[in-house]
Amino acid sequence: MKTRAKSAKATATAMKPKVAPTKKKSRKKPSASSSAKDDHRDKPKKPPTAFFYYLEDFRKTYQQENPNVKSMRDIGKACGEKWKTMSFEEKVAYYDIATEKRAEFEKAMAAYIKRKESGEISEESDDYE
């Protein structure tokens, strides 16, 4: 047999809102610029892919044809759809440009590594005074 005190206690615990488990706060990782001591400001940047060379050309013509469209999102979507439907022969010009730029990058990177190994570039010179 239930007493009033027991039934009141049971409904009080049943009425308590359930608290969602709290997430542990994640610690922020140090930024790439502070942790990447071996990256130097003279290090060559990777060249864009063939698609990005196509995007440059496409953006110019698309904005001339559609001056009311200002959103890069819309331009990017239209460019991506067009790139997917293009034949390989149409893409070859952009692949050639990308291949040339990639070869230039690899030469520059080899020269950079050579300078770094010879000691011309030191880690202490990373300080921007």
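Colleague: Let me start at the end of a helix: which residue just after α5 takes a positive phi?

Modeller: That's Gly119, with a phi of about 100°. Keep in mind that this is a predicted model.

Colleague: What about burial and surface? What percentage of the residues is buried?

Modeller: Buried residues account for 18% of the 129 in the protein chain. The accessible surface is about 11,600 Å², and carbon and sulfur atoms own 55% of that.

Colleague: How should I think about the core, then?

Modeller: The general idea is that in soluble globular proteins, nonpolar side chains tend to be buried together. Here, the largest nonpolar core has 14 residues, and those with the most contacts inside it are Tyr54, Phe58, Tyr62, Trp83 and Tyr94.

Colleague: Which elements give two or more residues to this core?

Modeller: Those are α3 (50–65), α4 (72–85) and α5 (88–118). The most comes from α3, which gives six residues.

Colleague: Let's look at α3. Which of its residues are buried?

Modeller: In α3 the buried ones are Ala50, Tyr53, Tyr54, Leu55, Phe58 and Tyr62. Their cover includes α4 and α5. If you zoom in on Tyr54 and skip its neighbours within four places in sequence, you find contacts with Cys79, Lys82, Trp83, Met86 and Tyr94.

Colleague: How do I check the length of a helix like that?

Modeller: Compare the expected span with the distance between the end C-alpha atoms. For α3, 16 residues at 1.5 Å a residue should span 22 Å, and the ends are 23 Å apart, so the two agree. For α5, the 31 residues should span 45 Å and the end C-alpha atoms are 43 Å apart, which agrees too.

Colleague: Where is the kink in α5 centred?

Modeller: On Tyr94, with a bend of about 30°.

Colleague: Is Tyr94 buried or exposed?

Modeller: Tyr94 counts as buried because its relative accessibility is 14%, and the cut-off for buried is under 20%. Leaving out residues up to four places away in sequence, Tyr94 touches Ala50, Tyr53, Tyr54, Asp57, Trp83 and Met86.

Colleague: Which other residues of α5 are buried?

Modeller: Besides Tyr94, they are Lys91, Ala98, Phe105, Met109 and Tyr112. The buried residues of α5 pack against α3 and α4.

Colleague: Now charges. What's the idea behind a salt bridge?

Modeller: Side chains of opposite charge can pair when their charged atoms come close. In this model the count comes to one salt bridge. Arg102 pairs with Glu106, and their closest N and O atoms are 3.5 Å apart.

Colleague: Why are Arg102 and Glu106 separated by about one helical turn?

Modeller: An α-helix has 3.6 residues a turn, so residues three or four places apart point the same way. Arg102 and Glu106 are four residues apart in helix α5, so about one turn separates them.

Colleague: How accessible are the two partners?

Modeller: Arg102 is partly exposed at 37% relative accessible area, and Glu106 is partly exposed at 45%.

Methods. Residues are numbered from 1 along each chain as its sequence is written. This is a predicted model: local features need pLDDT of at least 70, side-chain atom pairs count only at pLDDT 80 or more; totals for chains, interfaces and linings use all residues. Side-chain values use heavy atoms; hydrogens and water are left out. A nonpolar core is a set of buried Ala, Val, Leu, Ile, Met, Phe, Trp, Tyr and Cys residues joined through side-chain atoms within 4.5 Å. Buried means under 20% relative accessible area, exposed over 50%, partly exposed in between (1.4 Å probe, protein chains only). Contact means heavy atoms within 4.5 Å. Accessible areas come from the Shrake-Rupley method with a 1.4 Å probe; for residues, only the protein chains shown count as cover. The expected span of a helix is 1.5 Å times one less than its number of residues. The bend at a residue is the angle between axes fitted to the seven residues ending there and the seven starting there. A salt bridge is a side-chain nitrogen of Lys or Arg within 4 Å of a carboxyl oxygen of Asp or Glu.
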